[in-house]
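I opened my notebook to look at how the chains meet. Here is what I looked up, entry by entry.

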There are 8 protein chains.
Amino acid sequence: MPLVGIVVGSESDLPLLQPAQDILNQLGIAYELKTISAHRQPEKAREYALTAQQRGIEVIIAAAGLAAHLPGVLAGWTSLPVIGLPLARGELGGIDAFLSIVQMPPGIPVACVGINNAKNAALLAAEILALKYNKTQEACQKYRQEQAER
Amino acid sequence: MPLVGIVVGSESDLPLLQPAQDILNQLGIAYELKTISAHRQPEKAREYALTAQQRGIEVIIAAAGLAAHLPGVLAGWTSLPVIGLPLARGELGGIDAFLSIVQMPPGIPVACVGINNAKNAALLAAEILALKYNKTQEACQKYRQEQAER
Amino acid sequence: MPLVGIVVGSESDLPLLQPAQDILNQLGIAYELKTISAHRQPEKAREYALTAQQRGIEVIIAAAGLAAHLPGVLAGWTSLPVIGLPLARGELGGIDAFLSIVQMPPGIPVACVGINNAKNAALLAAEILALKYNKTQEACQKYRQEQAER
Amino acid sequence: MPLVGIVVGSESDLPLLQPAQDILNQLGIAYELKTISAHRQPEKAREYALTAQQRGIEVIIAAAGLAAHLPGVLAGWTSLPVIGLPLARGELGGIDAFLSIVQMPPGIPVACVGINNAKNAALLAAEILALKYNKTQEACQKYRQEQAER
Amino acid sequence: MPLVGIVVGSESDLPLLQPAQDILNQLGIAYELKTISAHRQPEKAREYALTAQQRGIEVIIAAAGLAAHLPGVLAGWTSLPVIGLPLARGELGGIDAFLSIVQMPPGIPVACVGINNAKNAALLAAEILALKYNKTQEACQKYRQEQAER
Amino acid sequence: MPLVGIVVGSESDLPLLQPAQDILNQLGIAYELKTISAHRQPEKAREYALTAQQRGIEVIIAAAGLAAHLPGVLAGWTSLPVIGLPLARGELGGIDAFLSIVQMPPGIPVACVGINNAKNAALLAAEILALKYNKTQEACQKYRQEQAER
Amino acid sequence: MPLVGIVVGSESDLPLLQPAQDILNQLGIAYELKTISAHRQPEKAREYALTAQQRGIEVIIAAAGLAAHLPGVLAGWTSLPVIGLPLARGELGGIDAFLSIVQMPPGIPVACVGINNAKNAALLAAEILALKYNKTQEACQKYRQEQAER
Amino acid sequence: MPLVGIVVGSESDLPLLQPAQDILNQLGIAYELKTISAHRQPEKAREYALTAQQRGIEVIIAAAGLAAHLPGVLAGWTSLPVIGLPLARGELGGIDAFLSIVQMPPGIPVACVGINNAKNAALLAAEILALKYNKTQEACQKYRQEQAER
């Protein structure tokens, strides 16, 4: 049963999510990967967020470019932690996605990571899960150590 | 019965909407004014957008600051024209609201006007309604003429 | 007789307008396409805007890059709704066109869509016309539904 | 007979033009000062530009904030040198006016000076006139010298 | 024993943290509050991060302005989740702090929230702890509900 | 004898100046072209500016990228009109050159044109010279007309 | 005999330099303070830079706002280390001064510190002199220690 | 024994440092080159900075992209002059690295040079060392002269 739900706004963004999947695989964290547009499929986005917790999801990673409402929209429908991953699409290098994700109004937080930094989105999810799951904590610490030694 | 639905993300932004109300009053266009947070009250936002058309609303003006998802969220739930009005809140002078409103993904448009420019949001709504209502068209043309002469 | 007038500032920008034409074709909305420079051909731009309404045009889509005055200039000469489409030309990724289009002075609105987002310019035009033409409304709703199901 | 035509987009911007008037007075250059909105009064703007040269105007200083189309619009109607003065209005500190003025398309130049820098707009006009009028040249050189000694 | 460690880079920033403390108090989450400069007191910052986990801290909120290295520096020394709160100090409205916090290199994540948005930093910490502590989960859900009804 | 002095900060920028040369050739305006670095060859830059007027130069076009001090430095040494042409070099698309050129302190003006817009730099020079030389005025007006008809 | 030369572009900026003077006084480093405009007084700026070394100056701190050419201009005339201090003047919060100072062309370096951060300009000067003067090195280390303990 | 310590945040950035090495070689200044990540290897970064002075290093050049904490982190552990070299990595052209490096808090200075401008980082180091070492001063002056003559 997946603990992390990765949601991406558009099929064409899927390759940018590969580093997140690699990290979760490496750390032994089960995840699911869905393509849902917050604007073209608002009902599907709502459904996903409203049922995530009961399906066992504990952390959501939501990736989007341009106006990038997806993370905020999901965060409005669920109180699970939502990690927002801004993607660089179009002409502005991701600054648009960036501001749309991080400048959430007081009351509904989103945890923003760097532009196109899918790896850090996954590592942040892992660090959050590590508070609860010893196996993940050990995997995280091992990862850190190996990273420092590389 | 109101033709224009003005929706604002936060009570504290209401004063910024006054110029829009003044224009609509001056041009004789009926409107309603609601405070709905796209993130704190996603169900209410959805309800508003899904029922707007059957309640006779023809144009929506949605005003928000910061991540400013409100116009885009409403546009996702309805195919009525949505005018997005970015408000300058916080530290970035409205650039965040601006990009969040205008950089909508292909498929779901929002009509963005200038930062804090509630007057133009209302005039744009009037110009749209003027295509259909002769009375509004006359009011618009009279407004333009008087404006040019001032 | 065309309902939508697409005007573009420079021949070289024509390919960027193709997605708008595709949408209008798909939704069965008649349009015309003109190349007019607001600065190099100010008389032609004036003529176009002053005669648009009597020629049956109901919505203007004006696309331009750099200082991108075209939408605002047309909006000054007509009270038809003008949709401004900022194009990314030169070195600034369209931010220049963006600000030049959206920051219109109070009194003369332009409806700005995203950078290079010709598709949304056309969809916004369609949503506006859908208020008046049932056929367009049906086409818009069908488009939305199919888009959600894709 | 004025040699310099100062045009400003809005009554409320008049105080920002005072330093330009002071410089022109100090250097003994005759000027006129008009308030014309490029968008709300396009016919008046066109008229002004088309008749400027025959009325003896040799340099135009056009000041505007926000989308700031005024300098570019005038430059489209006349081949007199147009100096564009971006004014800081609204929330973006004049960056919007700045880009709208300076990023003119190839073919129609505008000479942009710094944000709110009315003094430099006037000095630039003076330097241009100094090429032709010895009296102005002497006044400019005297001004420079005194400035260096201050 | 505190579960959340709030660290702020400078005494003068303490008032900006009050909304975070209010939320944590309201949700019944124990926290500690320290002032540590990542640059002026690097040894103290290192010490804090290296001992946080064994002292029972589960989430760190690190607030800083300007170059705002504090969140990233702490994240380098610990694998606890670090929430970065950019503060608007100096002349750039917090954009400097923003980029310094969110653009962390792949391998060491920081969870960035909006500029000066201490409330969301605390709510994000609460959502993370809610995965593990039922009492916090209930408090979070109650908070959300009341917020929607306000 | 050249009337226009084109100065460029670096050999590698020479190709970007070709459109300026083409315009001046087309309009029959004599010019000279020099490569002078304001920083690496400050004495040469000073010499150039101090002697320009007596050598018959009436307008200077100074092109530079990055910190782009060249136009301002020349303007400090001469009271001839200096047109600053910002070039897009390095990673910031010319915004650095742009601000360095246009934000001159009160007292020493530079006439800034658009990024990489060498054509407009030359046209502006021509418009300035047209005030004095009938032949240039006729050439400018012919150019405008042909441009409008293209 | 002063080791540090502080130069500021405009009288009105003098108060912003006080923190630099305080630090130099505290660390026992002799300095001089001059007001020289790079553009209005280019000869004076040249003179200052060309004679600085023989007068015993070892480090120059040059502060300026807007186009902020002063540090770069001085650096072009001398090979002493020049520290550039961008000041926030006008409407852009110092970003203009910032880019004008730091984006120097390859070959002539300027050491840029933060906007309005006169304190760091002085500390950097002290760290440079500390390489050569034991007394300064001791003063710097004492300052650091006290700062960490505060 | 090296006088200059070049530290770079990531192996992949090494080629960008070549121009710095070329300059130091050309000027006859001994240097060392290390790859240390401020975040992935904080202990190694601390060690490097704490021992630099006793190993004879007099100036540190620290190069990093993205959040670019490396120069500031090293500057926190040592009072040697640290030159920060922002690298353009990711989508923002180095503006993120730029602000993270230059906007250091009062008390711990970093000397920032231009984006990717490794050459100027090395020349600045040389100018600093030239205050103390006659051989370096002569090499610097010769370099300047040859550069002016090129």
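This is a predicted model: local features need pLDDT of at least 70, side-chain atom pairs count only at pLDDT 80 or more; totals for chains, interfaces and linings use all residues.

**Entry 1: chains B and C.** I started with this pair, and I found that chain B and chain C bury about 3300 Å² between them, with 57% of that on carbon and sulfur atoms. Which residues of chain B lose the most area to chain C? They are Pro109(B), Leu131(B) and Arg144(B), and together they make up 21% of what that side buries. As for the head count, 39 residues from chain B and 39 residues from chain C take part in the contact.

**Entry 2: what holds the polar side of that pair.** I went looking for salt bridges between chain B and chain C and got 0. Polar contacts were another matter: I noted 21 residue pairs between chain B and chain C, both residues at pLDDT 80 or more. Then I asked myself which elements of chain B give two or more residues to the side that touches chain C. My list reads helix H3 (70-77), helix H4 (95-102), strand E5 (111-112), helix H5 (118-130) and helix H6 (134-149) of chain B. H5(B) gives the most to that side, with 6 residues. Sorting the residues of the side of chain B that touches chain C by class, I wrote down 22 nonpolar, 12 polar and 5 charged.

**Entry 3: chains C and A.** Next I turned to chain C and chain A, where the buried area is about 520 Å² and carbon and sulfur atoms give 60% of it. Gly93(C), Gln147(C) and Ala148(C) supply 53% of the area that chain C buries against chain A, more than any other three residues. Chain C brings 8 residues to this contact and chain A brings 4 residues. How many salt bridges are there between chain C and chain A? I counted 0. I did get 2 residue pairs in polar contact across the interface of chain C and chain A, both at pLDDT 80 or more. By class, the side of chain C that touches chain A has 4 nonpolar, 3 polar and 1 charged residues.

Entry 4: I checked chain B against chain G and found no contact, their closest C-alpha atoms being 12 Å apart. Chain D and chain H do not touch either, and their nearest C-alpha atoms lie 18 Å apart.

Definitions and conventions: Residues are numbered from 1 along each chain as its sequence is written. Chains are lettered from A and ligands numbered from 1 in the order in which they are written. Side-chain values use heavy atoms; hydrogens and water are left out. Contact means heavy atoms within 4.5 Å. Buried area is the accessible area (1.4 Å probe) that two parts lose on being put together, summed over both. A salt bridge is a side-chain nitrogen of Lys or Arg within 4 Å of a carboxyl oxygen of Asp or Glu. A polar contact is a pair of N or O atoms within 3.5 Å; within protein, one must be able to donate a hydrogen and the other to accept it, and residues adjacent in sequence count only if both atoms are side-chain atoms. Ala, Val, Leu, Ile, Met, Phe, Trp, Tyr, Cys and Pro count as nonpolar, Asp, Glu, Lys and Arg as charged, and the others, Gly among them, as polar. Helices (H or I, at least four residues) and strands (E, at least two) are DSSP runs, numbered from the N terminus.
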